[in-house]
Amino acid sequence: MGKCSKDKRDLYYRKAKEQGWRARSAFKLLQLDSEFHLLDDVERVVDLCAAPGSWSQVLSRKLASKSANPATIVSVDLQPIAPLPGVTTLQADITHPSTLTNILKLFGGEPADFVCSDGAPDVTGLHDLDEYIQGQLILSALTLATSLLREGGTFVAKIFRGRDVDLLYSQLALLFDHVTCAKPRSSRASSLEAFVVCQGYRPRPGWQPESLQLKHTLVPLDLNDASIDAAERSVAPFVACGDLSDYDADATYQLEKGVQAVSLEPVQKPTAPPYKTALEKKRAGTLR
Ligand SMILES: C[S@@+](CC[C@H](N)C(=O)[O-])C[C@H]1O[C@@H](n2cnc3c(N)ncnc32)[C@H](O)[C@@H]1O
């Protein structure tokens, strides 16, 4: 496969490089923001699962132009994030309890206006396990959000619309005034990926974030299971966002004449890719 082939197969990938974004995911946050105005009146932000940092780039650029005061942006990932202007990076696991303490320290006791998470685990191919780990990531992001957000704040997280997503919606609806399931144009229609946009955080009296639970994520769900009350499930409104005449994320395009042969370099190479050790061994001639 030629180096340009991904540029043709995925125009958002190509456009991200042309516009200086570290990943095509930038377009997802831009499209969510243009629909929901997420970044209006926002000064303190936490970007969870942020590497390589394209959402943090969007946050840094947008908040620098919108906010009168310098914004505080804290970006967290298991992988190191290469430095970005106006962004404090933290290499940490969002499922670990110490991560909350470390983020709180960086905010100097002030609550956040906006918490987002584009978290995705490395896929194992074992469907139930992958779904379970994704569920745990959302749960950790939500636990952090409920501990960090100010009243009225906003939480956005990547979800996969699997069989139990209605249980997640109903739990989110206990904590936020409006819960919407949003699908940006740049997210492939063929993928179950979507984003929950949770607006108007309502801290509940006596709320303990650790009491959050996602039910039935590992075992196959029997929809007739009497232990799951219908009231525990709810449907969130669905919004497709981004210009529908914009590029189709599933389509293959021809590049403009003259640019076919030019493959653009990534804006930021991975800082600690899983194949790093193998590459080092290959260069040293010790790979077996
Ligand atoms: C799709 S990428 C995020 C892309 C990012 N929003 C951007 O725009 O560049 C998913 C990220 O989730 C991170 N991740 C997965 N599990 C994590 C965990 N337990 N704690 C922190 N980050 C995690 C991965 O390291 C990966 O960088």
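Modeller: Rings of Phe, Tyr and Trp pair if their centres lie within 6.5 Å, with the six-membered ring used for Trp. Keep in mind that this is a predicted model. Phe155, Phe176 and Tyr201 form one aromatic cluster. The structure holds four aromatic pairs.

Start with tryptophan 55 and phenylalanine 195. Their rings form a tilted pair, 5.8 Å centre to centre, with 40 degrees between the planes. This pair links distant parts of the chain, 140 residues apart. Tryptophan 55 is in helix α4 (residues 54-66), and phenylalanine 195 is in strand β7 (residues 193-201). Tryptophan 55 counts as buried because its relative accessibility is 2%. Phenylalanine 195 is at 0%, so it counts as buried too.

Now the second pair. Phenylalanine 155 and phenylalanine 176 are stacked, 6.2 Å centre to centre and 20 degrees between the planes. Phenylalanine 155 lies in strand β5 (residues 149-160) and phenylalanine 176 in strand β6 (residues 176-184), so the pair ties together parts 21 residues apart in sequence. Both phenylalanine 155 and phenylalanine 176 are buried.

A polar backbone atom of tryptophan 55 is 3.0 Å from a ligand oxygen. The protein covers 85% of the 610 Å² of accessible area that the ligand has on its own. Aspartate 77 places a polar side-chain atom 2.7 Å from a ligand oxygen. An N or O atom in the side chain of aspartate 118 is 2.8 Å from a ligand nitrogen. The shell around the ligand has ten nonpolar, five polar and four charged residues.

Definitions and conventions
Residues are numbered from 1 along each chain as its sequence is written. This is a predicted model: local features need pLDDT of at least 70, side-chain atom pairs count only at pLDDT 80 or more; totals for chains, interfaces and linings use all residues. Side-chain values use heavy atoms; hydrogens and water are left out. A polar contact is a pair of N or O atoms within 3.5 Å; within protein, one must be able to donate a hydrogen and the other to accept it, and residues adjacent in sequence count only if both atoms are side-chain atoms. Accessible areas come from the Shrake-Rupley method with a 1.4 Å probe; for residues, only the protein chains shown count as cover. Ala, Val, Leu, Ile, Met, Phe, Trp, Tyr, Cys and Pro count as nonpolar, Asp, Glu, Lys and Arg as charged, and the others, Gly among them, as polar. Rings of Phe, Tyr and Trp (its six-membered ring) pair if their centres lie within 6.5 Å; planes under 30 degrees apart count as stacked, over 60 as edge-to-face and the rest as tilted. Helices (H or I, at least four residues) and strands (E, at least two) are DSSP runs, numbered from the N terminus. Buried means under 20% relative accessible area, exposed over 50%, partly exposed in between (1.4 Å probe, protein chains only).
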